[in-house]
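My notes follow in the order I looked things up.

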Amino acid sequence: MRYFLLIILCAIGFNASAQWYYKPFNKRARYPQMAYAQSHSIKRLPPPTVAKVKIPPTTIEHTPYVMAMIEESVMRTAQHNMRFHVYNAASYNFSDLAQMYMKQNRLAEAKWFLLQSITISRQQNDDRHTIANLLDLAAVKADYGDYAQAKQDLAEARQLAVSRGLTYDLALVEKKTRYLQDNKFKTPHSETRFAETADAGTITKPVNK
């Protein structure tokens with residue numbers, strides 16, 4: 001009796017686990033893949049438009065505080081370049097300082113830094129920079145009312161431009177000369193300002209190479 005029940009249980013278990021025999025994997029029904037839902041509702045939306053807004057240019061007002069900060073920054077850069085013998089860059093720093101002082105009517109300081117820049121640019125054979133400095137120096141002297149020396153600076157700039165074949169710079173010299181001739185009777189600036197924070201003596205003069 002015991003063996004009979006064991007045989008019946010084994011038969012039932014084999015039938016339950018062997019159902020794959022009647023439905024093999026390779027004969028299962030494969031249904032077609034479902035298509036994704038498509039929505040064309042976005043086509044009914046109006047096309048996007050970008051508003052044409054004209055942005056006005058922003059200008060930074062050159063207040064005395066802003067000018068003082070710029071002056072200090074350029075002065076530190078010039079001192080650094082002179083300390084490490086980067087004379088060519090220092091020459092342009094001096095020109096930037098001179099142009100700042102010209103805008104503020106600080107002619108004495110502008111003249112000093114232009115002379116320093118001219119000295120370096122000549123040593124570095126930077127002829128175009130020398131010509132630009134001579135033009136600014138002539139403008140400073142003309143503002144002083146010293147038209148004779150201003151004409152000398154312009155003549156030197158013209159001679160340098162001709163000898164080097166710098167046609168563009170020669171045109172600038174001629175334009176500056178005509179402007180000086182047209183305004184030579186203009187009242188010179190009687191009031192000049194001097195540096196309040198910058199000390200010209202702090203800049204070491206370049207050594208001759």
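Predicted model: local features only at pLDDT ≥ 70, side-chain atom pairs only at ≥ 80, totals over all residues.

Entry 1. I started with the crossing of α3 and α4, and it comes out left-handed. Next I looked up who makes the contact. From α3 I listed Y87, N88, S91, F94, S95, L97, A98, Y101 and M102. Across from them, α4 brings E109, A110, F113, L114, Q116, S117, I120 and S121. Sorting the residues of this contact by class, I got 10 nonpolar, 6 polar and 1 charged.

Entry 2. Which way do the two helices run relative to each other? I noted that α3 covers residues 87-103 and α4 covers residues 107-123. Their axes cross at roughly 160 degrees and come within 8 Å. Angles over 145 degrees count as roughly antiparallel, so α3 and α4 are roughly antiparallel to each other.

Entry 3. I then checked the loop between α3 and α4, where Q104 sits. Is Q104 buried or exposed? I found 17% relative accessibility for Q104, and the cut-off for buried is under 20%, so Q104 counts as buried. I also looked for a partner: the side chain of Q104 makes a polar contact with the side chain of R106, at 3.1 Å.

Entry 4. On to another pair, helix α6 (residues 147-164) and helix α7 (residues 167-182). I read off a packing angle of about 160 degrees, with the axes 9 Å apart. That makes α6 roughly antiparallel to α7. I wrote down 9 nonpolar, 1 polar and 5 charged residues for the contact of α6 with α7. The crossing of α6 and α7 is left-handed.

Entry 5. Which residues meet there? On the α6 side I have Y147, A150, K151, L154, A157, R158, A161 and V162. On the α7 side I have D169, L170, V173, E174, K176, T177 and L180.

Entry 6. Last, I stepped back to the whole chain. How many helices and strands does it have? I counted 7 helices and 0 strands, and along the sequence the pattern reads α-α-α-α-α-α-α. The chain has 209 residues, and 28% of them count as buried. I also looked at contacts between residues at least 6 apart in sequence: 64% of these join residues at least 24 apart.

Terms used. Residues numbered from 1 in each chain as written. Heavy atoms only, no water. Axes fitted to C-alpha atoms, helices over the stretch in contact; angles between N-to-C directions. Helix = DSSP H or I, 4+ residues; strand = E, 2+ residues; numbered from the N terminus. Parallel < 35°, antiparallel > 145°, perpendicular 65-115°, else oblique. Left-handed = near helix turned anticlockwise from the far one by under 90°. Contact = heavy atoms within 4.5 Å. Nonpolar A, V, L, I, M, F, W, Y, C, P; charged D, E, K, R; others polar. Buried < 20%, exposed > 50% of the residue type's maximum accessible area, 1.4 Å probe, protein only. Polar contact = N/O pair within 3.5 Å; in protein donor to acceptor, adjacent residues only side chain to side chain.
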